[in-house]
Amino acid sequence: MQIDVQYSLVSENHGRFNEFWMYKWIRRLALITAHVAALGFTILISVLSRPGTSFFSWHPVCMSVSFCLCMTEGMLLFSSQESPFCFCSRKRREWLHWFLQALVVVGGVTGVGFMVVSKRVSERPHLTTWHSVLGVGTLVVTVLQTTCGLRLLFPNMSLPGPPLPRLRLYHTTCGLVTYLLAVATVMLAMFSDWFQATMRGLLWYPVALIPLLPAMVVMSQVTRVYLSKKKITV
Ligand code: HEM
């Protein structure tokens with residue numbers, strides 16, 4: 001009887017151990033997929049837009065490098081173990097995160113600048129699609145987020161605002177919303193006349209869905225690792 005109980009306990013622990021490893025490997029695979037998808041999508045869009053052929057051609061390049069690559073990497077570098085930056089200290093990762101977000105702002109403003117010039121040259125009206133309206137919103141929110149991040153980067157500066165733990169939680173929550181806004185803007189771009197003329201047939205579907213892969217990983221990372229912990233401390 002005692003042997004039976006011991007045996008069932010050992011096999012139960014063994015089962016949990018296996019589950020834990022399986023879970024860890026699924027997470028690792030998801031993270032690798034997110035990195036590959038972000039880089040692959042950026043390269044694909046940059047090649048398809050044939051940079052240098054027109055003012056417009058620089059818009060998709062700047063926007064995909066900024067929002068699909070830099071912003072995604074800037075979020076994923078906080079992943080607990082599976083990130084290439086897992087050996088860096090928390091402070092160093094925060095600096096790198098801020099640097100990547102600052103690049104997003106510079107690249108984003110440049111990309112929209114190219115789009116505005118392109119429309120002026122071709123004398124087409126501005127802000128006529130959901131993509132462009134949401135794009136402006138995303139850019140504004142990104143600039144605000146990056147500016148707020150400065151207060152977290154320099155916690156000793158006595159600036160007005162909520163206490164730091166609370167601000168950290170706000171920054172994380174708004175960061176996730178900003179990232180999802182960027183993903184929505186990019187996905188709306190997949191419905192633009194330019195993209196639909198460039199990517200025809202059934203191939204359009206898998207390509208248009210690529211930005212969702214890193215988005216799901218980022219969402220799970222932020223809600224699982226950070227928000228669940230902070231709920232208790234604030
Ligand atoms: C990487 C994928 C992207 C592609 C392929 C793309 C493509 C386009 C295209 C074809 C247009 C012209 C048609 C229209 O007005 O909808 C456009 C306009 C615009 N895009 Fe994008 N876009 C991308 C990402 C972004 C992102 C991430 C943002 C902002 C965060 C953005 C902001 C804008 C804005 C503001 C306009 C309108 C500019 C104006 O009306 O003068 N785009 N984009």
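How many nonpolar, polar and charged residues does the lining of the largest pocket have? Let's select things one by one and find out.

**Before you click.** You're looking at a predicted model, where local features need pLDDT of at least 70, side-chain atom pairs count only at pLDDT 80 or more, and totals for chains, interfaces and linings use all residues. Residues are numbered from 1 along each chain as its sequence is written, and side-chain values use heavy atoms, with hydrogens and water left out.

**Stop 1: the ligand.** His59 has a polar side-chain atom 2.8 Å from a nitrogen atom of the ligand. At His126, a side-chain N or O atom is 2.5 Å from an oxygen atom of the ligand. Thr129 places a polar side-chain atom 2.5 Å from a ligand oxygen atom.

Stop 2: Helices here are DSSP runs of H or I, at least four residues long, numbered from the N terminus.

**Stop 3: the largest pocket.** The ligand sits in this pocket, that is, more than half of its atoms lie within 2 Å of the pocket's grid points. On a 1 Å grid over the protein atoms alone, a pocket is an open set of points with protein on both sides within 12 Å along at least five of seven lines, while a cavity is a set where a 1.4 Å probe fits but cannot get out; lining residues have an atom within 4 Å of a point. The largest pocket holds about 940 Å³ of space. Among its 35 lining residues, His59, Met115, Thr129, His131 and Ser132 are closest to its centre. And the opening question? The lining has 21 nonpolar, eleven polar and three charged residues.

**Stop 4: the cavity.** The whole structure has one cavity of 30 Å³ or more. About 100 Å³ of space lies in the largest cavity. Select Cys68, Thr72, Tyr179, Pro211 and Pro214, the closest to its centre of the 13 residues that line it. Helix 5 supplies the largest share of this lining, four residues. By class, the cavity lining has twelve nonpolar residues, one polar and no charged.

Notes: Polar contact = N/O pair within 3.5 Å; in protein donor to acceptor, adjacent residues only side chain to side chain. Points joined across faces, edges and corners; volume = space filled by probe spheres on them. Helix = DSSP H or I, 4+ residues; strand = E, 2+ residues; numbered from the N terminus. Nonpolar A, V, L, I, M, F, W, Y, C, P; charged D, E, K, R; others polar.
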